[in-house]
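Here is a short briefing to read alongside the model. Have the viewer open as you go through the points.

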Amino acid sequence: MYVLGIETSCDETGVAIFHSQQGLLSHHLYSQVKTHADYGGVVPELASRDHVKKLIPLISRALSAAGIDKYRVDGIAYTAGPGLIGALLAGAAVARSLAWALGIPSVAVHHMEGHLLAPLLEPDPPEFPFIALLVSGGHTQLVEVEAIGRYKILGESLDDAAGEAFDKTAKMLGLGYPGGPEIGRLADEGLAGRFVFPRPMTDRPGLNFSFSGLKTHTLTTLAATSSTRQDKADIAAAFQEAVVDTLLIKSQRALEETGLVRLVVAGGVSANRRMRKKLHEMGREKGYRIYFPRLEFCGDNGAMIAYAGCQRLLAGHAEPLEIRARPRWPLSDLLPP
Amino acid sequence: MNLLAVETATEACSAALFSGGRIIERYQVAPQEHNRLILPMIEAVLAEAGLQLAQLDALAFGRGPGSFTGVRIATGVVQGIAFGAELPVVPVSTLAALAQEALDEIDEEYVYACIDARMGEIYWGVYRRGETGLAELIGEEAVLSASEVPFPQDSHGVGTGSGWARYEAQLTERLGERLGTIFTDRFPRAALTARLGAEAFREGISVPPEQALPVYLRDDVAKKPVPRR
Ligand SMILES: Nc1ncnc2c1ncn2[C@@H]1O[C@H](COP(=O)(O)OP(=O)(O)OP(=O)(O)O)[C@@H](O)[C@H]1O
Ligand SMILES: [Mg+2]
């Protein structure tokens with residue numbers, strides 16, 4: 001089965017062709033990062049306007065790169081939420097209408113299910129069940145994954161998401177947007193241990209997170225220095241270490257509490273090199289297997305949507321003739337296909 | 001000629017089929033429901049005409065101005081169908097569709113078409129009855145405040161659209177004796193988009209799906225923050 005995947009929930013237009021037996025055949029991404037950089041964050045209306053311009057050309061490219069004609073496509077998967085309503089609708093309108101015109105089924109995919117299943121696109125994919133740590137611009141969640149569509153939220157952030165914390169901290173340090181990769185780079189130049197940031201909520205039981213306090217910590221620490229590049233690098237390193245450690249401690253706790261032995265990490269922040277290294281080390285030490293998406297599939301992309309949609313389409317999923325967009329959509333509302 | 005049109009730029013949602021001079025339409029005023037309604041409406045008009053997508057010659061859509069999200073729904077729908085069915089697309093002004101309805105109904109030469117643009121502004125276009133009875137734009141469409149709308153000095157015509165409901169007093173004052181009837185309860189509808197689209201298509205006007213794009217008129221949608229040190 002050939003599935004066309006379309007992602008437009010935020011500031012990337014992603015399109016991919018996935019085949020149920022042959023795997024991923026092509027994927028294209030147009031990132032609007034430059035459009036939004038001057039504003040210091042995503043401007044929803046500009047994001048929507050860009051999707052409308054980029055989507056059809058990207059679909060054409062993805063089809064020709066996969067070496068197939070549009071009439072070979074068996075189903076269309078599109079992100080229906082969560083995300084920015086205007087951006088979601090821009091993609092959903094094209095996706096649902098194209099499916100209708102081609103006379104094939106479509107499936108409204110949950111963006112976080114897409115992220116969560118992204119590591120299954122890799123050669124040695126995890127088996128179910130597993131723990132998923134979803135860390136992105138809008139989410140920080142620990143999820144017990146029994147099977148596709150069987151998700152139990154074990155814990156989540158009570159305030160800022162991990163990616164959001166990276167972005168806000170980067171802003172305070174005068175770095176560009178998005179802040180995650182910038183902090184990662186600057187932290188490499190930092191002196192480990194000069195500053196030590198708290199590991200929020202790790203001293204009490206439970207699997208929830210809170211990252212908003214780290215902002216204040218960054219500010220007060222920065223104010224006590226003369227804000228040289230080295231000072232900022234040292235702060236970036238301390239901040240990153242604190243976030244990574246916190247995510248690691250809670251993930252390990254989730255594995256221990258559930259008795260599961262596989263951890264899947266996904267979402268934009270899973271591209272963080274320090275985190276990948278430390279989680280792999282933890283896995284080796286404790287006997288857990290840790291799975292990440294390849295770097296280009298950590299952030300938003302069409303491949304993960306095509307993959308997630310394909311699993312549901314294979315199970316015979318069909319939906320009414322309606323363009324679906326659901327800006328707020330809890331992962332726990334999903335059902336198995 | 002068989003042409004399918006959609007118009008979703010305002011509170012109203014509609015689809016229409018122009019087929020051999022006959023027009024079949026589905027129309028509903030349903031704010032925020034366009035994403036649920038539009039594809040079933042399209043299916044309904046095709047079914048009523050007994051036509052398949054493959055029998056169409058072109059698509060038309062209300063390219064705005066109007067609600068940004070609304071305009072993008074029509075755009076996305078038409079892009080998707082046009083790409084899938086390999087059909088050319090005719091962009092039609094939402095204000096022109098509004099104006100055409102008034103011209104068909106009232107014996108006046110001009111139409112002052114006006115859609116509420118929020119933020120104290122309106123989308124404005126002055127249209128004149130052309131030789132074939134079709135609405136022709138005079139000057140340019142614009143987004144501006146009701147007290148600043150431009151119009152030909154020697155015009156006389158009908159006012160129509162949601163902008164009139166909201167700014168009737170200001171607009172009446174500005175246009176003075178040029179104003180005849182006012183329709184405050186009209187929304188653009190696909191039947192007229194189809195008619196204007198069919199005419200334009202006959203004249204050779206159409207674009208491929210990726211060039212079927214909205215016309216927003218309002219482009220200052222975000223302020224850049226003052227860079228801080
Ligand atoms: N190397 C990195 N280290 C840390 N954070 C990173 C890195 N690369 C990207 N990020 C962060 O990942 C986030 C973007 O991830 P993603 O695109 O998955 O989020 P989103 O789609 O905006 O939100 P969501 O998926 O929750 O709807 C940003 O906050 C960005 O700063
Ligand atoms: Mg994401």
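In this predicted model, the C-alpha centres of domain 1 and domain 2 of chain A lie 27 Å apart. Domain 1 covers 2-117 + 297-333 and domain 2 covers 128-292, with bounds that come from an automatic or database domain assignment. Ligand 1 lies between these two domains, because both give residues to the shell around it.

A word on conventions: residues are numbered from 1 along each chain as its sequence is written, while chains are lettered from A and ligands numbered from 1 in the order in which they are written. As this is a predicted model, local features need pLDDT of at least 70 and side-chain atom pairs count only at pLDDT 80 or more, whereas totals for chains, interfaces and linings use all residues.

**Domains of chain A**
- The contact joins 13 residues of domain 1 of chain A to 19 residues of domain 2 of chain A (two residues are in contact if their C-beta atoms, placed from the backbone, lie within 7 Å).
- On the domain 1 side of chain A, helix H1 (33-37) and helix H4 each supply at least two residues (helices, H or I with at least four residues, and strands, E with at least two, are DSSP runs numbered from the N terminus).
- That side of domain 1 of chain A has six nonpolar, seven polar and no charged residues (Ala, Val, Leu, Ile, Met, Phe, Trp, Tyr, Cys and Pro count as nonpolar, Asp, Glu, Lys and Arg as charged, and the others, Gly among them, as polar).

**Ligand 1**
- Ligand 1 is surrounded by 25 residues, and the closest are Gly137(A), Gly138(A), Gly163(A), Gly180(A) and Gly268(A) (a residue is near a molecule if its C-beta atom, placed from the backbone, lies within 6 Å of it).
- Helix H4 (111-117), helix H5 (162-172) and helix H6 (179-188) of chain A are the elements that give two or more residues to this shell.
- By class, the shell around ligand 1 holds six nonpolar, 16 polar and three charged residues.

**His27(A)**
- Strand E3 (residues 23-31) of chain A contains His27(A).
- His27(A) counts as buried because 25 other C-beta atoms lie within 10 Å (buried takes 20 or more such atoms, exposed 12 or fewer, and partly exposed is in between, with C-beta atoms placed from the backbone).
- Leaving out residues up to four places away in sequence, His27(A) touches Ala16(A), Ala62(A), Asn301(A), Gly302(A) and Ala303(A).
- Ala16(A) is 11 residues from His27(A) in sequence, yet their C-alpha atoms are 4.0 Å apart.

**Chain B**
- Chain B has five helices and 10 strands.
- The radius of gyration of chain B is 18 Å, close to the 17 Å that the globule rule gives for 229 residues, so chain B is as compact as a globular protein of that length (the radius is taken over C-alpha atoms, and the rule is 2.2 Å times the number of residues to the power 0.38).
- Buried residues make up 54% of the 229 residues in chain B.
- Domain 1 of chain B is 2-93 + 188-211 and domain 2 is 95-183; the contact takes 14 residues from domain 1 and 13 residues from domain 2.
- Helix H5 (residues 190-202) of chain B gives five residues, the largest share of the domain 1 side.

**Nonpolar core**
- The largest nonpolar core has 185 residues, of which Ala306(A), Leu3(B), Ala5(B) and Leu59(B) touch the most other members (such a core is a set of buried Ala, Val, Leu, Ile, Met, Phe, Trp, Tyr and Cys residues joined through C-beta atoms within 7 Å).
- Helix H3 (residues 85-102) of chain A gives the most to this core, 13 residues.
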